[in-house]
Amino acid sequence: MSDRKSSKGANRNSAKPVKSGPSHRLEFEYRLDAPCDKVWRAISIAEIRESWLPGTNLRDAKPIKEISGKEVTYQMRDPQPPHLESIVTFHIAQTGENMTHLRIIHELTDARCITPPIPANSNTPTMMCAA
């Protein structure tokens, strides 16, 4: 799915939910009219990030993974019940002079929402027929 937005700083975005089976992952891609270092500051500096991603939505304000200037990952927790947990990763790459490609991957990691895989060997209890 792709559409044009006229919002400030973004000229194209697309949302691509993963289609393989029941998925708990969303991917979004944006092309921003901003230099890479400016976008990096917006996603990595807590005081700036607070204006668009409040700390109340994060389980911890510190990232769980960071590759300076390229990628940052935060663990999130919904402020409303049932307080589901997820991980959001921001990837940035420079695509031209003063242009940045931002890729956001949001993945639900809460054990209450992830169904265990079905065993291939039909590992179910044995039933006897009543005669």
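These legends describe views of a predicted model.

**Figure 1. The whole protein and its order of elements.** The protein contains 2 helices and 7 strands. Read from the N terminus, the elements follow the order β-β-β-α-α-β-β-β-β. The protein has 131 residues, and 23% of them count as buried. Of the contacts between residues at least 6 apart in sequence, 37% join residues at least 24 apart.

**Figure 2. The buried side of helix α1.** Helix α1 spans residues 36-44, and its buried residues are C36, V39, W40 and I43. These residues lie on the same side of α1, because they cover an arc of only 105° around the axis. An α-helix has 3.6 residues a turn, so residues three or four places apart point the same way.

**Figure 3. The packing partners of helix α1.** The buried residues of α1 pack against strands β3 (25-32), β4 (65-67), β5 (71-77), β6 and β7 (99-108). They also pack against the helix α2 (46-49).

**Figure 4. The surroundings of E85.** E85 belongs to strand β6, which covers residues 85-96. The relative accessible area of E85 is 19%; because the cut-off for buried is under 20%, E85 counts as buried. The side chain of E85 makes a polar contact of 3.5 Å with the side chain of R59. Beyond its neighbours within four places in sequence, E85 is in contact with R59, Q75, M76, R77, L108, T109 and D110.

Conventions
Residues numbered from 1 in each chain as written. Predicted model: local features only at pLDDT ≥ 70, side-chain atom pairs only at ≥ 80, totals over all residues. Heavy atoms only, no water. Helix = DSSP H or I, 4+ residues; strand = E, 2+ residues; numbered from the N terminus. Buried < 20%, exposed > 50% of the residue type's maximum accessible area, 1.4 Å probe, protein only. Polar contact = N/O pair within 3.5 Å; in protein donor to acceptor, adjacent residues only side chain to side chain. Contact = heavy atoms within 4.5 Å. Arc of directions from axis to C-beta.
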